[in-house]
Amino acid sequence: MVNSSNFAYYILFLFLSSILFALQVNSTSRHVLNNHKGFTVSLKHVDSGGNFTKFERLQRAMARGKSRLQRLSLVANFATLSSKDDSNVKSTIHAGNGEFLMQISIGSPSESYNAIMDTGSDLIWTQCKPCKECFDQSTPIFDPSKSSTFEKKLCSNKLCEALPMSSCRDSNCEYMYTYGDYSSSEGFLAKETFTFGKVSIPNVAFGCGNDNEGSGFSQGAGIVGLGRGPLSLVSQLHMSRFSYCLTSINDEADSKSSTLLMGSIAHNDDKNIITTPLVKNPTQPSFYYLSLQGISVGDTQLPIKKSTFSLNQDGTGGMIIDSGTTITYLEESAFSLLKKEFSSQVNLPVEDSSSTGLDLCFKLPSDTNNIQVPKLVFHFEGAHMDLPADNYMISDSRMGIACLAMGSSSGMSILGNVQQQNMMVIHDLDKETLSFVPTQCDKL
């Protein structure tokens, strides 16, 4: 027979044990991360395996890039209009799409998916059964009913409140996430175990999309947002540092993989590292803005007005760095000066056929693929990015042309991934900096 004193101690023991268990469960995600310096994920280009020539890959990527440019511009303009609206409407349009896929696994037992890596948006989402409307994907659609670790998020959850558009049904958080080409994902917010490389992390919040429409996502099974907002993978994992290293478009896309590093492993002590501050835009807080102060072609500093690349008070203008846009787009007055000076320094006839879709191309001599091109330097605040020729000139002896891999934009400028290739690009959100290190990315 148990006496009353022992019974009281027994009840107290059970009570304290339950509290301890709850604390352990709630801290599981952070505990898992604390036992890892981070993780590495391989990236592959969306055209990998397509057996395209170098220029075909570039043209396909540019077509997507122009669409993304329009989306990004629409995002910025919409955010500006919303910020002026007395109703304080949140921006509900996002960039979407992207050029690189990361392999992730979801659930318990886990299923593998290829998701688009996107530094221009925040939400992580994948298609989920049962589907009201789903696009074709190469892997089976995620089935929450088969995972023992799947759980819907409640409407009271802070991440539900962070969604630009959400509603509540049976206390569960439903979302709608829209993109600049009118593509969208609609479903409910949930949490699940995600596996990145060899590291499994529980309780990652993601969108389980039952109604997904649009042509921009068919390369993958969803998106992993790496923006600066609370819904992104970066914010959820409390990993304030991440980096990526993108292989050259001149390499065979089938055989060269790029790399994403998350956490404290995303650093580099190379003496050639250059670092510039990240700039925040209150009207579009997810984007990574940089301060571009000028451009040099050869020994000539272009006479670009100081305000050309400035981020305006209303949130317009400025320059973002983006992994999902292929070539760099410069504000049209600056690009016009660049094009004129570049043409004057390249001793080759201009190719005017516009067959490539690029704004400035030259006819190659019939006997060579190697030409002399002027140096191109981007002058960021505190850092001068001296670009290798492969990062701005794309040549093809079979077509007999060499082209400047840049274009013009209206308003916002974008530093694209061709200009970032074979560089370790390090985002440090504690220090609010972005760093570049020349790196042979396919050797990592």
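Trainee: What is the bridge partner of Met117 in E11?

Mentor: Val224 is the bridge partner of Met117 in E11. Do keep in mind that this is a predicted model, where local features need pLDDT of at least 70, side-chain atom pairs count only at pLDDT 80 or more, and totals for chains, interfaces and linings use all residues. Residues are numbered from 1 along each chain as its sequence is written, and side-chain values use heavy atoms, leaving out hydrogens and water.

Trainee: What makes E4 and E11 a pair?

Mentor: Two strands pair if DSSP finds at least two bridges between them. E4 and strand E11 (residues 222–225) have three bridges, in the parallel sense. The strands themselves are DSSP runs of at least two residues (E), while helices (H or I) need at least four, and both are numbered from the N terminus.

Trainee: And how do E3 and E4 pair, parallel or antiparallel?

Mentor: Strand E3 (residues 100–106) and E4 pair in the antiparallel sense, over six bridges. Gln103 stands opposite Asn114 in E4. E3 and E4 form a hairpin with four residues between them, and Gly107 in that turn has a positive phi of about 95°.

Trainee: Why is Asp118 called buried?

Mentor: Buried means under 20% relative accessible area, exposed means over 50%, and partly exposed is in between, using a 1.4 Å probe and protein chains only. Asp118 has 0% relative accessibility, so Asp118 counts as buried. Asp118 is found in strand E4, and six of the eight residues of E4 (residues 111–118) are buried.

Trainee: Which residues does UniProt list for "active site"?

Mentor: The unreviewed UniProt entry lists Asp118 and Asp322. Its positions are given in the numbering used here, with shortened feature names, and annotations may be inferred rather than shown by experiment.

Trainee: How do you know that they gather at one spot?

Mentor: They span 205 residues in sequence, yet no two of their C-alpha atoms are more than 8.2 Å apart, so they gather at one spot.

Trainee: Is Asp322 buried or exposed?

Mentor: At 1% relative accessibility, Asp322 counts as buried. Asp322 lies in the loop between strand E18 (319–321) and strand E19 (328–331).

Trainee: What does Asp322 touch?

Mentor: Contact means heavy atoms within 4.5 Å. Not counting residues up to four places away in sequence, Asp322 touches several residues, including Arg68, Thr119, Gly120 and Asn417.
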